[in-house]
Amino acid sequence: MKSFPDEVDITVRAGNGGPGSVSFLRARFQPRGRPDGGDGGAGGDIILEVSPNLRTLSHFRGRRVFAAENGRRGQSQDRHGKNGASLTIPVPLGTRVFDNDTGRFLKDLMTPGERFVLAKGGRGGKGNAHFTSSRMRSPRFSQPGEPGRERLIHLELQILADVGLMGAPNAGKTTLLKAMTASRARVGAFPFTTLTPQLGVMGPEADREPLILAEIPGLIVGAHLGKGLGHRFLRHLTRTRLLIQVIDLSQVDPADPLGPLNMLEEEMRAFDPSLLDKPRLVALNKIDLLAPDFPRDRVIRAYAEAGWRVFTVSAAIGEGLAPLREAIWAEFAVKPEPI
Ligand SMILES: Nc1nc2c(ncn2[C@@H]2O[C@H](COP(=O)(O)OP(=O)(O)OP(=O)(O)O)[C@@H](O)[C@H]2O)c(=O)[nH]1
Ligand SMILES: [Mg+2]
């Protein structure tokens, strides 16, 4: 299995400023001409930008050096040189930025669309038109452009969940998480606090990028988290694009099949109504425990008729997991372009 691509070292080079120009406007009755050398253009910046479509740093592939365009030389007739284009590097939410020369932490990118200037382009040099004075009417020099900044940068992806498993205590979230995810060794290497949800990595497989699944503990109801909801926990919800409502089907009252789900939804609304904007799947778990007379089909139909995408599974014996996994992959089908 390919290791989880969670860190990358890059060199970034902002553009150099263009040199100022030395030029004289030849005009009648002005033997030496008026200095008219324009300023150089500014070099382009190197900018990181949080792209909501990315979930890993794997789009860097082998690319390690990123350079922005240099500013152009100033021109005669006081014309300013063209500014160099900036280069924007897309990164996923949860990217932490370090200066690789000093090891210093620079930035935690935690908002979709957020931008961070890694390296400023150099300023353009001034043209000779700037240097005229009473003593110097015809300066034959201009200022060189300022060099763009070059830095070694270390990017590290904070492991944040793509998929959140929610549900009442004992519904089987942990068991389902473990049944659907493979090696967790890599994730385990990250220092998490005690309030951090359980994490697992699904994939990578074929050409699918790996997905991080997280158990959102004890639901938001706060029964065992109370006001101690850790920062990291909230961050997971920020990035989570898909939620799975895990319900213990063996505990469902056939007279009120949607009861447990409505309760979860109510709790989510109370905690943060924007959670209800995220797509949600329902996993009716513990089908291996159903009594023979349990009206299983009728209960499932009630969910489907209410518009839910519903899956019946047994996390314990691994039944019904394949269709659920496919539905999860389908939700993340957009493949990031290499940069
Ligand atoms: N028979 C059966 N037992 C299951 C199934 N899934 C989970 N369990 C059992 O249900 C109990 C609770 O499972 P967990 O996975 O810990 O449930 P949870 O939702 O993570 O619980 P909390 O984290 O405490 O909220 C455990 O004893 C599991 O072995 C299932 O599909 N069938
Ligand atoms: Mg659990």
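Me: A residue is near a molecule or strand if its C-beta atom, placed from the backbone, lies within 6 Å of it. With that in hand, how many residues surround ligand 1, and which are the closest?

Reply: By that criterion 18 residues surround ligand 1, and the closest are G172, K173, T174, T175 and A316. This is a predicted model, in which local features need pLDDT of at least 70 and side-chain atom pairs count only at pLDDT 80 or more, while totals for chains, interfaces and linings use all residues. Residues are numbered from 1 along each chain as its sequence is written, and chains are lettered from A and ligands numbered from 1 in the order in which they are written.

Me: Which helix gives the most to the shell around ligand 1, and what makes it a helix?

Reply: Helices are DSSP runs of H or I with at least four residues, strands are runs of E with at least two, and both are numbered from the N terminus. Helix α1, residues 173–180, contributes most to the shell, with three residues. In total the protein has six helices and 16 strands.

Me: Why is strand β11 called mostly covered?

Reply: A residue is buried if 20 or more other C-beta atoms lie within 10 Å of its own, exposed if 12 or fewer, and partly exposed in between, with C-beta atoms placed from the backbone. Five of the five residues of β11 (163–167) are buried. Both faces are covered, with V163, L165 and G167 on one side and G164 and M166 on the other. Over the whole protein, 40% of the 339 residues are buried.

Me: What makes β11 a partner of strand β13 and of strand β14?

Reply: Two strands pair if DSSP finds at least two bridges between them. β11 and β13 (211–215) share three bridges in the parallel sense, with V163 partnered by L213. β11 and β14 (242–248) share five bridges, also parallel, and L165 stands opposite I244. Both pairs therefore meet the requirement of at least two bridges.

Me: Why are β5 and β8 said to stand at the edges?

Reply: The open sheet of five strands has the order β5-β1-β10-β7-β8, with mixed pairing. β5 (65–67) and β8 (105–109) each have a single partner strand, so one side of each lacks a neighbour in the sheet. Inside this order, β7 (95–99) and β10 (150–157) run antiparallel and are joined by five bridges, R96 being partnered by E156.

Me: What is the order of the open sheet of three strands?

Reply: The order is β6-β4-β9, with mixed pairing. β6 (87–91) and β9 (115–119) are the edge strands, each pairing on one side only. Four bridges join β4 (46–50) to β9 in the antiparallel sense, and L48 stands opposite F116.

Me: What is the mean pLDDT of the protein, and where does pLDDT stay under 50?

Reply: pLDDT is the predictor's confidence in each residue, from 0 to 100. The mean is 86, and 86% of the residues reach 70 or more. The value stays under 50 over residues 185–196 and over residues 219–231. Where pLDDT is low, the predicted coordinates should not be read in detail.

Definitions and conventions:
Contact = placed C-beta atoms within 7 Å.
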